[in-house]
Amino acid sequence: MAIAQTILTQDLADELALIDAKADKLRGEMLDLQHAAAFLPRTKIVASVDYAVTVGSDLCIVTAGARQNPGESRLNLLQRNVALFSHIIPPLAKYSPDSILLIVSNPVDVLTYVSWKMSGFPSNRVIGSGTNLDSSRFRFLIADHLDVNAQDVQAYIVGEHGDSSVALWSTISVGGVPVLSFLEKQQIAYEKETLENIHKAVVESAYEVISLKGYTSWAIGYSVANLARSLLRDQRKIHPVSVLAKGFYGIDGGDVFLSLPTQLGRGGVLGVTNIHLTDEEMERLRESAKTILEVQSQLGM
């Protein structure tokens, strides 16, 4: 609902269709949004338990999933969610065969792979929200640490959206200046430990929010609306999102979706950016791919 609400306020769609298994909750959410019509750009809002209402969608955003319990790893959620997806992805693909699928449910990398398999869509039209939000959290923490504006910080987290994600320290820049030389110029003492702690805080931040309020909503709402804007408005912006990564950065061993800096537009994935990685970063990225492939092998897919 945070994603739907953000898409509405940002005037990204002419029509918004909400689908859920619980008819009463769904109708309540729809009415609540419709009652705000006087304060919002004009968007038709429909809701149903029947997937027919989604016919001809340009973008299908999937957030359904068993809620992550405090302390539960993202990978534990998996079996419950794959069964759920078998009732969601095929009807979406049937009613909107030319749509782009944007998967948000966790564990997002494996479920994006599952959606690709279940939909039969070409890989450029199946995307996971991946580390787009992790990278935003990362930029915020770096900006906070350096006392600069987060919008001036260029920084990516790639790989698995989860514990094996990789912080690309070598490519971070602040106002166009590589961060490591920025720190030296400002005479800010930096130790590897500080950098590692910032990355650790990013990985743990979702768990922290879940333990405090029970779920995450606002940040992921803005993050996914940000992706929707790039896709629907053909912005051709680069986002770290989960895409079919086989063959990039020496990733092999099977079809795997993980986050890489990706250019997004009306056709979905327009290309993967070739960023220079250090040997250590390359190695960590391949390890991250292995982590996801191991999980997929347990699914037998």
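This is a predicted model: local features need pLDDT of at least 70, side-chain atom pairs count only at pLDDT 80 or more; totals for chains, interfaces and linings use all residues.
Residues are numbered from 1 along each chain as its sequence is written, and side-chain values use heavy atoms, with hydrogens and water left out.

Helices and strands are DSSP runs numbered from the N terminus (H or I, at least four residues, for helices; E, at least two, for strands). Helix α1 (residues 2–9) packs against helix α9 (residues 218–232) at an angle of about 50°, and their axes are 8 Å apart. Axes are lines fitted to C-alpha atoms, for helices over the stretch in contact, and angles run from 0 to 180 degrees between N-to-C directions. The two helices α1 and α9 are therefore oblique to each other. Their crossing, α1 with α9, is right-handed; a crossing is right-handed if the near helix is turned clockwise from the far one by less than a right angle, and left-handed if anticlockwise. On the α1 side, the contact (heavy atoms within 4.5 Å) is made by Ala2, Ile3, Gln5, Thr6 and Ile7, and on the α9 side by Trp218, Ile220, Gly221, Tyr222, Val224, Ala225 and Ala228. The contact of α1 with α9 comprises nine nonpolar, three polar and no charged residues. In this classification Ala, Val, Leu, Ile, Met, Phe, Trp, Tyr, Cys and Pro count as nonpolar, Asp, Glu, Lys and Arg as charged, and the others, Gly among them, as polar.

Helix α5 takes part in two further packing pairs, with α3 and with α10. The angle between α3 and α5 is about 25°, with the axes 11 Å apart, which makes α3 roughly parallel to α5. The crossing of α3 past α5 is right-handed. Leu78, Asn81, Val82 and Phe85 of α3 meet Val110, Leu111, Val114, Ser115 and Met118 of α5, and the residues of this contact divide into seven nonpolar, two polar and no charged. The axes of α5 and α10 cross at roughly 50° and come within 10 Å; α5 and α10 are therefore oblique to each other. This crossing of α5 and α10 is also right-handed. Asp109, Val110, Tyr113 and Val114 of α5 make the contact with Ile292, Val295, Gln296 and Leu299 of α10. By class, six nonpolar, one polar and one charged residues form the contact of α5 with α10.

An unreviewed UniProt entry places the feature "binding site" at Asp20, Asn81, Val104, Ser105 and Asn106. UniProt positions are given in the numbering used here, feature names are shortened, and annotations may be inferred rather than shown by experiment. Asn81 is found in helix α3 (residues 78–85) and, at 1% relative accessibility, counts as buried (buried means under 20% relative accessible area, exposed over 50%, partly exposed in between, with a 1.4 Å probe and protein chains only). Apart from its neighbours within four places in sequence, Asn81 contacts Gly65, Ala66, Asn106, Pro107 and Leu111. Asn106 lies in the loop between β4 (100–103) and α5 (108–119) and counts as buried at 18% relative accessibility.

Ser288 is found in helix α10 (residues 279–299). Ser288 is buried, with a relative accessible area of 0%. Leaving out neighbours within four places in sequence, Ser288 is in contact with Gly159, Glu160, Ser164, Ser165, Val166 and Leu258.

Note on methods: Angles under 35 degrees count as roughly parallel, over 145 as roughly antiparallel, 65 to 115 as roughly perpendicular and the rest as oblique.
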